[in-house]
Amino acid sequence: MAARHHSRTPQHPLRPFLLPLLVGALAVSGLVVANAAAASHCHGSDTPLRIAVTPAMLAPVHAIADAFNHDAADNDGQCATVDVTAEPAAQVVQDLPVNPVDPPALWIPDSALWVPTAQQLEGRVTGPTPRLAEHPSIASSPLVIAASPQQAGKLTSWQQLVTGNAMIADPLSNTEGIATLALAQRLSPAPTAAPPPELIAVLLKLRNATVDSTAAAFHAQQQHSDAVFTTTEQSVVAHNANGGAKAVAVYPTEGSVLFDYPVVRVTTSTEPAGTDAAATAFEAELHSARSMGILSAAGFRDPRAVASSSWGGKDGVRSQTPKLIPAPTADQVATVMRAWSVVHLDGRTLAVIDTSGSMKDPMPDGQSRIQVARDGALAGLSLMPDSTSVGLWTFSLTTSELVPLGPLGGLDNRVPQRLALQQAGATLPGRVGGSTALYDTALAGYEALKDGFDPTKVNAEVLITDGRNERAGGLDLNGLLARLRAEADPSRPIEIIGIGLGPDADMGVLNQIAAVTGGKAYQALDGAAFRAVFFDALSRRPCTSSVC
């Protein structure tokens with residue numbers, strides 16, 4: 001049997017997919033040399049068998065394939081040609097639905113979390129897609145905090161992670177980053193879909209400390225001994241085996257999430273004859289005692305989280321099984337990744353708030369509608385980075401620009417933009433009165449964003465209203481929709497996000513306005529719901545620009 005190993009050049013993966021969930025990637029390169037002696041024992045035609053593995057699995061699976069090939073196991077008169085490719089799970093997830101021609105027959109991601117993610121994506125694609133079947137894990141490794149020996153003694157919990165010089169592997173590309181954000185969400189649970197202040201503070205801190213990969217984090221730690229970051233225990237073992245400054249694995253008292261490395265069978269209707277038998281044979285080899293030894297020597301625990309005596313207890317790595325906590329659910333990941341997208345993605349957002357007379361009416365919690373809109377919108381500012389541009393308009397029968405669009409880290413008439421928005425927000429209750437010119441205002445806001453379109457940002461109008469259009473003589477709905485269609489430019493996308501506040505909002509109209517611009521409409525019937533949908537609106541903004 002001949003074995004080959006290589007890497008694929010990564011695309012820019014999950015950014016187009018997440019917002020609910022994930023994306024980006026690196027690959028590792030190398031070559032497994034075919035075993036000529038093994039090939040001589042084979043007869044008949046070759047069965048190609050492509051295996052995609054998470055990069056950390058590259059070396060051990062390479063060794064397992066070599067041993068498998070050396071045995072020259074004959075598969076019904078055919079010789080399997082094992083081709084091992086190192087690909088991050090995020091890359092495989094993106095490729096599987098759109099590239100069913102040459103998918104891997106077996107896929108070993110670092111976490112079973114990726115399997116339903118891939119299946120969700122495939123469900124959105126028309127036409128034939130590969131079928132995925134998750135099989136038992138071949139190894140495991142807990143998530144730990146990697147620290148220098150000087151820093152390790154100061155850390156005991158996940159809560160301490162961001163009090164120092166913390167880094168995170170980009171969650172859009174790395175399972176370590178996703179798991180870290182999910183832990184942050186678990187430690188700061190939210191009663192609604194809106195993130196609590198504690199989680200926001202963590203995300204804002206980590207936003208400015210994102211690195212491409214855990215390899216980059218190890219390199220940074222070599223330069224700055226006070227740097228700490230999350231990674232797998234196996235990566236600490238592998239790093240320490242390479243020499244240089246040692247890293248210590250810190251096992252937080254709350255417990256660790258276990259990366260489980262399942263084997264996933266990927267089946268297509270066009271795979272070569274003999275593929276299933278060859279895949280079954282190689283999967284059996286992956287679970288053999290010989291393979292368990294190879295994986296253990298590479299720093300992986302067995303599927304039950306039992307460590308090898310050859311490396312356990314050395315260089316700051318424990319031999320005993322750490323306390324384990326459940327892996328994050330898909331819903332937990334989706335919630336925290338939406339929050340991450342808000343704090344991490346640059347935007348250009350115009351908030352347009354209704355100040356017609358009905359905005360004085362109370363919500364169920366006793367606050368007036370305008371107070372709910374003010375407080376929710378201002379709370380949203382805390383999620384946004386300084387590079388995000390935000391402006392504030394109000395409207396009743398006429399439209400008023402209270403704060404022009406500008407970066408939150410900039411100045412408006414010598415006043416910091418954030419402070420200018422807060423000061424203008426405080427005046428909103430005193431501006432309530434009059435009727436609602438919804439259609440004219442929606443178009444004016446759209447055109448303002450169009451005039452100053454920024455291709456490096458997500459350009460969006462957030463239109464907040466509690467009622468329906470009441471202006472006679474202005475645009476009607478058909479006229480507004482026609483204008484928006486005529487002015488739309490796919491190369492310069494601008495979306496309108498509508499939020500209907502209270503039971504009287506015309507959601508049918510808001511849905512039509514949002515849909516024609518590629519946006520979305522929401523309804524909030526109380527203050528808590530408004531904060532949740534405002535957060536969701538910011539995080540789920542459709543993104544068709546090159547920066548997403």
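## Basis of the model

The structure is a predicted model, in which local features need pLDDT of at least 70 and side-chain atom pairs count only at pLDDT 80 or more, while totals for chains, interfaces and linings use all residues. Residues are numbered from 1 along each chain as its sequence is written, and side-chain values use heavy atoms, with hydrogens and water left out.

## The chain as a whole

The chain holds 18 helices and 20 strands, where helices (H or I, at least four residues) and strands (E, at least two) are DSSP runs numbered from the N terminus. Of its 548 residues, 56% are buried, a term that stands for under 20% relative accessible area, with exposed meaning over 50% and partly exposed in between (1.4 Å probe, protein chains only).

Among contacts in the chain with a separation of 6 or more, 78% join residues 24 or more positions apart, a contact being heavy atoms within 4.5 Å. The accessible surface of the chain is about 21,200 Å², and carbon and sulfur atoms account for 53% of that surface; these areas come from the Shrake-Rupley method with a 1.4 Å probe, and for residues only the protein chains shown count as cover.

## Nonpolar cores

A nonpolar core is a set of buried Ala, Val, Leu, Ile, Met, Phe, Trp, Tyr and Cys residues joined through side-chain atoms within 4.5 Å. The largest one has 72 residues, and those touching the most other members are Met 57, Trp 107, Ile 108 and Phe 282. Helix H12 (residues 330-344) gives this core its largest share, 6 residues. Another core, of 33 residues, lies apart from it and includes Ala 420, Ile 499, Ala 537 and Leu 538.

Leaving aside residues up to four places away in sequence, Ile 108 touches several residues, among them Ala 52, Met 57, Ile 138, Tyr 261 and Leu 286.

## Helix H15

Helix H15 (residues 438-451) has 14 residues, which at 1.5 Å a residue should span 20 Å, and this agrees with its end C-alpha atoms, which are 20 Å apart; the expected span is 1.5 Å times one less than the number of residues. The buried residues of H15 include Leu 438, Tyr 439, Leu 443 and Tyr 446.

## Two single residues

Ala 241 belongs to helix H9 (residues 233-241) and counts as exposed because its relative accessibility is 66%. Ala 241 and Trp 311 are 70 residues apart in sequence, yet their C-alpha atoms are 9.6 Å apart in space.

Pro 385 sits in the loop between helix H13 (369-381) and strand E14 (389-395), and it counts as buried because its relative accessibility is 7%. From Pro 385 to Asn 208 the separation is 177 residues in sequence and 9.6 Å in space, C-alpha to C-alpha.
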